[in-house]
Amino acid sequence: MGSLPFPSPSRAAPRSPENSTSRYSIFASFCSTIVTSDANITNWIAYYDPSNNTWSYVTSIPDLPQNHILKEFAMVSISNSLYIIGGRLCKKEKTQNSQYGSDEFFDSDIDVLSSVLRYDINSDQWSKCASLNVPRYNFAYVVEDNKIYVAGGQSTLGSARGTSSSEVYDPLVDDGQWTLLPNMNRSRCKCVGVTWQGKIHVVGGFVQGGGFSQYVDRCSAELYDMSRGQWDLVAGMWQLDVPANQIVEVDGRLFSSGDCLNAWKGHIEVYDGKLNIWYMVEGSQKNIFPFEENGQPIHRLYLTMAPIGTHLYFLAARLLTASIGL
C-alpha cells in the first residue's frame, strides 16, 4: 500500500499494457492516510507508464463501505484484467489526542474477506468472481499459466495463527470456482509467493505446526509441484527469522530487497539455488532511497518491486515533513 493525495476522478481511459510504448504498465493500489471531513477514504488504483515516466489514476475498488479500506490483499494481472483477492477490511476511526487536543485516526479491523473482484482495463468495468473457499489476508499468491494460486495467510481477526490451505482459480473457465489444493506442510502467514524453475514457491513467513524450531521453520519454503499436485518442504531457503518483504523472478533468478521490517536493506540480493544462499548483487548497494532530503527527515511508507523483462522497478512512497510523494 502507498499513501498519496486522492486523485481527481476525471481521467482518460488507461492504455492496455499491450498498447503501451514499452508494452507493459505497472498497476498499484493506494489508500490515503489523510482523513478529511468531506472525503471518503477508500482504495484506488493507478498505473505507471515506464515509457514516459508518468502515473495516471485508473479506478477505485468498488463495494467498500464509506471510510473503509482494504489491507493485505492480493492484486494480480492476467491479460487485460486485474484481480483483487481477499484482504482485511478496516474502518477509519477517529479519536482525540488529549495531550495535543487534535484528532487522530486509526484502522479498526472489521472482517476478513473471501471476495474476488475483476477489473477489465479495456472496458473500465468491474465484475464479481467466485469467492475464495477460505477467507484470508497476509497470504502468498502467484500467477502461473494464467491461473491464480493462493496459499497460507490469516483467516481470523485477532489471531496470529496462519493457515496451511491453498487453492487455485482458472479465470478462463466459465463459471469457474476456486479449487482447493493439498494443504502445505506448515501453517504460514506473511509468506511470499513466486514461481521459479517450474514450481510455485511459498517462502518464509510466520510458521506454525512444525517439529523444528521456529527459526528453522521461518527460514523454510514450500514448493508446489503442479504435475504431482504435492507440496514439498525445503529448509533454509530464506535465511532470516523475519519474513521476506517480496521475492521476484527476473530472467530465471530470484531477487529480494529486504524483509517485512526493513523493505530496503540498502542493496539488492539474489538467490543461489545450488548453494542455497542469498548474496548481495554487486553494484546495487546505492543510497537510492535516502533518509533525508534538504536536511529534512524522510519516512519511507512502503517499498515494492515490479519486474518488467530484465528490469526491476522499485516503487517507494515517502513522507517528507507534511508532504506525501511517490
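This is a predicted model: local features need pLDDT of at least 70, side-chain atom pairs count only at pLDDT 80 or more; totals for chains, interfaces and linings use all residues.
Local features were taken at pLDDT of at least 70 and side-chain atom pairs only at pLDDT 80 or more, while totals for chains, interfaces and linings use all residues. Residues are numbered from 1 along each chain as its sequence is written, and side-chain values rest on heavy atoms, with hydrogens and water left out.

Leaving aside residues up to four places away in sequence, isoleucine 45 touches Phe27, Ala28, Ser29, Tyr57, Val58, Thr59, Ile61, Met75, Leu82, Ile84 and Trp126, where contact means heavy atoms within 4.5 Å.

Next comes β9. Four of its five residues are buried, so β9 is largely enclosed by the rest of the structure. Buried means under 20% relative accessible area, exposed over 50% and partly exposed in between, using a 1.4 Å probe and protein chains only. On one pairing, β9 runs antiparallel to β6, with five bridges joining them; two strands count as paired if DSSP finds at least two bridges between them. In this pairing leucine 82 stands opposite tyrosine 119 of β9. Five bridges also link β9 to β10 (residues 125-129), again in the antiparallel sense, and here tyrosine 119 faces tryptophan 126 in β10. β9 and β10 make a hairpin with four residues between them, and aspartate 124 in the turn has a positive phi of about 60 degrees.

Lysine 92 sits in strand β7 (residues 88-97). With a relative accessible area of 15%, lysine 92 is buried. Its side chain makes a polar contact with the side chain of aspartate 107 at 3.0 Å. Such a contact is a pair of N or O atoms within 3.5 Å; within protein, one must be able to donate a hydrogen and the other to accept it, and residues adjacent in sequence count only if both atoms are side-chain atoms.

Glycine 283, finally, lies in the loop between β24 (277-280) and β25 (292-293). Its relative accessibility is 40%, so glycine 283 counts as partly exposed.

Methods:
Helices (H or I, at least four residues) and strands (E, at least two) are DSSP runs, numbered from the N terminus.
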